[in-house]
Amino acid sequence: RILSDEHPIFGDSNAILLSEPIRKYILGREVVASGGAAHLGNRPSLGQSAGGTLQKSTIARPWSVAFNLDAIGESNDEDGLLDPAPKKITHFKEEVYEGLYDTELKLRVDDFVLPLPIQTGRADRARRLRLLSGAHILKKPAGACEDAFFVADDALGVADGVGCMVQFASYGVNAAAYAADLMKQALVALGQGGDAAAGVDGRPVDERAASALKSAEANVMSYGASTITVMVMEGALVGIASLGDSGFMQLRKTPRGMVVVNRTDEQQHSWNCPYQLTRLPPSLISRLRQVNLDTADDAEKFVFEVEEGDLLLLFSDGLRDNMHDHEIQHLVDCCLPPTFADLAGLPEHATPPDVVARALALAAQERSMDPTAKVPFVE
């Protein structure tokens, strides 16, 4: 059997979507590229092999799949049945949706699900997974932004500096610099020759993430305090090490949109008092009566399996505190995942990761400034 390199490959077959209404909808939308909190999407590399079969639910919605370019179904949607014109969205301000599709995208792809992995083909599936990453930070109207991040081919990190440390600025404490330094050192640890580099001692993926976090704590030079989350991907597994109330969320496409399948838990000593890494100058420590500091050893570790099309989010507490799951799902359902864009033969129309991140960050900011909003932080 000869496979085409022009189409995604699942198992021993090519796979494409043959739904003209979906293609017309995508092509009829003008995707505006903008900037985007940390988003990572998985998709198969073309020309490589992986296990799986395309699934169709029993609900009668438009669907069509081709294996080896032989159609086994036709769309039951007639041209013009669904209006391709953009719909007015009122959930958030208009700027949140810049670069996204409207809510009709979810209706168009309802009932489409990606191939289920074949357990015996896990090694092949792992080889073809890769990360597409982007990030977005919202600066403060005044003063330094204490948030920081890093992105790499197989890893992502986020740190949220503790703003109240500004009261110790005269001692040389700078939470923004500390958070940025943590991200720099974690990335160095994950690179070639680093303490958490791939292949070192054959350690599990969550141990690599924890090692990167610990290396960052040990090698940082700035003074400050910060929460931190580091994620590392190896094949079909992601390992996370997280300290404090920054975190990780994994969403997956179902016949009725994206749903949360995994997440990390926040660590708090008490309400609104999260665990955090802290480095203080000796001159300040000598003035404190008692110093009990959290360390990298207090970080929690997680391992989750990932599949094609999964959306992986790393974020500071600004997202967790201000956005409910259904609001996050609403926004990501307005995004076209790279895998679905590939299957439709329109890879250039996928929603860029940084656009997704920007939308989530702006939505969280909007909720935080709305005195009438019922946000998780106050519930």
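The model is predicted, so local features need pLDDT of at least 70 and side-chain atom pairs count only at pLDDT 80 or more, while totals for chains, interfaces and linings use all residues. Residues are numbered from 1 along each chain as its sequence is written, and side-chain values use heavy atoms, with hydrogens and water left out.

In total, 13 salt bridges turn up, a salt bridge being a side-chain nitrogen of Lys or Arg within 4 Å of a carboxyl oxygen of Asp or Glu. One of them joins R108 to E104, at 3.1 Å from N to O. These two are four residues apart in helix 2 (residues 104–109), about one helical turn; helices (H or I, at least four residues) and strands (E, at least two) are DSSP runs, numbered from the N terminus. R108 is buried at 5% relative accessible area, and E104 is buried too, at 4%. Here buried means under 20% relative accessible area, exposed over 50%, and partly exposed in between (1.4 Å probe, protein chains only).

Other pairs reach across the sequence. D297 and K214 meet at 3.2 Å, N to O. D297 belongs to the loop between helix 6 (282–285) and strand 16 (300–305) and K214 to helix 5 (residues 205–219), so this bridge ties together parts 83 residues apart in sequence. D297 is exposed at 58%, whereas K214 is partly exposed at 43%.

R252 and D310 form a salt bridge at 2.9 Å, N to O. R252 sits in strand 11 (residues 247–254) and D310 in the loop between strand 16 and strand 17 (311–315), 58 residues apart. D310 is buried at 1%, while R252 is partly exposed at 21%. Finally, K106, D110 and R256 are linked in a salt-bridge network.
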